[in-house]
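The entries are in the order in which I made them.

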Amino acid sequence: MSEHESPAVTYGSYLQVDQLLELQQPRSDEHDEILFIVIHQVYELWFKELLHELDRVMLLLREGNGSRAQHTLKRILTILKVLVAQVDILETMTPLEFLTFRNRLAAASGFQSDQFRQLEFVMGNKSRGAIERFGDGTRARQGLEARWSAPTLWDAFLNYLQREGYPVSTAHLARDVTATVEPSTEIQQILIGLYRKDPKNSELCERLVDLDEGMQEWRYRHVKMVERTIGMKAGTGGSSGAAYLASTIGRPLFPDLWEIRSKL
Ligand code: HEM
């Protein structure tokens with residue numbers, strides 16, 4: 001190989017395995033801390049991939065490509081199943097094992113995961129408070145600011161419905177994308193008609209319900225993991241802990257898709 005040629009790509013160089021394996025830096029010598037770090041890092045990587053796929057779904061919906069959007073949603077849902085299943089691994093760590101290194105976490109908490117907040121933002125659950133926790137100019141702040149003013153998955157879906165010929169009013173199409181998605185009888189009427197006469201698009205709606213239910217499932221498994229590991233102790237991130245987390249379950253992302261079920 002001449003000095004001008006780049007070295008052959010290998011498994012290690014392509015995936016940057018050396019760098020990747022340097023990223024687990026425990027703050028104690030306790031056995032279980034590596035598991036705790038690895039699992040959080042794996043979650044962050046999946047969050048990155050989910051955001052990447054959600055951006056694609058929104059683009060496909062805006063282009064009116066419902067079948068590709070549904071295909072991508074299926075991938076997202078499969079990843080979400082893995083995220084929920086991974087809770088089982090961390091639940092093999094007992095409360096006492098966690099206590100061997102918990103104090104090393106200081107105020108660090110999943111509460112500070114900006115990618116999780118980005119996922120919430122994409123799915124229509126936005127808050128200024130979540131942005132302001134991150135310093136100006138940081139990657140986290142920039143990512144959240146961009147998603148704050150960007151349309152959500154629900155907005156892309158409403159746009160798609162209109163392209164498919166459904167009479168979505170301008171009030172909904174031009175809604176404030178930073179606001180929480182509120183239930184709407186107008187949209188529910190449209191969806192009821194769609195469910196009765198449009199099997200292709202009702203399948204797409206069902207995938208959005210899967211996503212909504214899947215996120216709630218993750219929240220439920222996370223709060224139960226928290227309860228069995230630290231009971232009702234306060235969180236390292238400064239919240240009341242399990243009580244706070246329990247309050248985040250059961251709020252639907254797409255309320256209209258749930259409301260119509262009692263009316264069909
Ligand atoms: C022993 C395991 C775990 C415990 C005891 C735990 C504990 C907690 C607690 C108490 C909170 C509430 C905020 C606070 O005051 O800290 C929280 C929030 C959070 N945790 Fe965990 N956690 C664990 C594992 C994980 C894992 C593996 C992830 C994956 C990324 C994760 C992601 C999050 C997220 C995203 C939040 C914010 C949720 C929200 O605000 O709705 N946690 N965690």
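The notes below go from the whole protein to the ligand and then to one helix.

**Entry 1: the whole chain.** I noted at the start that this is a predicted model. I looked up the secondary structure and found 15 helices and zero strands. I then took the extent of the C-alpha trace, which is about 60 × 60 × 35 Å along the principal axes. The protein has 264 residues, and 43% of them are buried.

Entry 2: I counted 31 positive and 36 negative charges, and their mean positions are 5 Å apart.

**Entry 3: around the ligand.** Which residues come nearest to the ligand? I found 27 residues around the ligand, and the nearest are Ser 109, Arg 117, His 222, Ser 239 and Tyr 244. I then asked which helices supply at least two residues of the shell each. They are H3 (33-62), H7 (114-122), H13 (199-230) and H14 (242-246). H13 gives the most, with six residues.

**Entry 4: polar atoms at the ligand.** I checked distances to oxygen atoms of the ligand. In the side chain of Tyr 244, an N or O atom is 2.4 Å from a ligand oxygen. For Ser 109, a polar side-chain atom lies 2.7 Å from an oxygen of the ligand. Gly 238 takes part through its backbone: one of its N or O atoms there is 3.4 Å from a ligand oxygen.

**Entry 5: helix H10.** Is H10 mostly covered or mostly open? This helix, residues 153-163, is mostly covered, with eight of its eleven residues buried. I listed the buried ones as Leu 153, Trp 154, Asp 155, Ala 156, Phe 157, Leu 158, Tyr 160 and Leu 161. The list therefore includes Asp 155, which counts as buried because its relative accessible area is under 20%.

**Entry 6: the two ends of H10.** At the start of the helix, a side-chain oxygen of Thr 152 comes within 3.2 Å of the backbone nitrogen of Trp 154. Trp 154 is also one of the buried residues of H10. Past the other end, I looked at Gly 165, which lies just after H10 and has a positive phi of about 100°.

Definitions and conventions: Residues are numbered from 1 along each chain as its sequence is written. This is a predicted model: local features need pLDDT of at least 70, side-chain atom pairs count only at pLDDT 80 or more; totals for chains, interfaces and linings use all residues. Side-chain values use heavy atoms; hydrogens and water are left out. Helices (H or I, at least four residues) and strands (E, at least two) are DSSP runs, numbered from the N terminus. Buried means under 20% relative accessible area, exposed over 50%, partly exposed in between (1.4 Å probe, protein chains only). Lys and Arg count as positive and Asp and Glu as negative; His and the chain ends are not counted. The place of a charge is taken as NZ of Lys, CZ of Arg, CG of Asp or CD of Glu. A residue is near a molecule or strand if one of its heavy atoms lies within 4 Å of it. A polar contact is a pair of N or O atoms within 3.5 Å; within protein, one must be able to donate a hydrogen and the other to accept it, and residues adjacent in sequence count only if both atoms are side-chain atoms.
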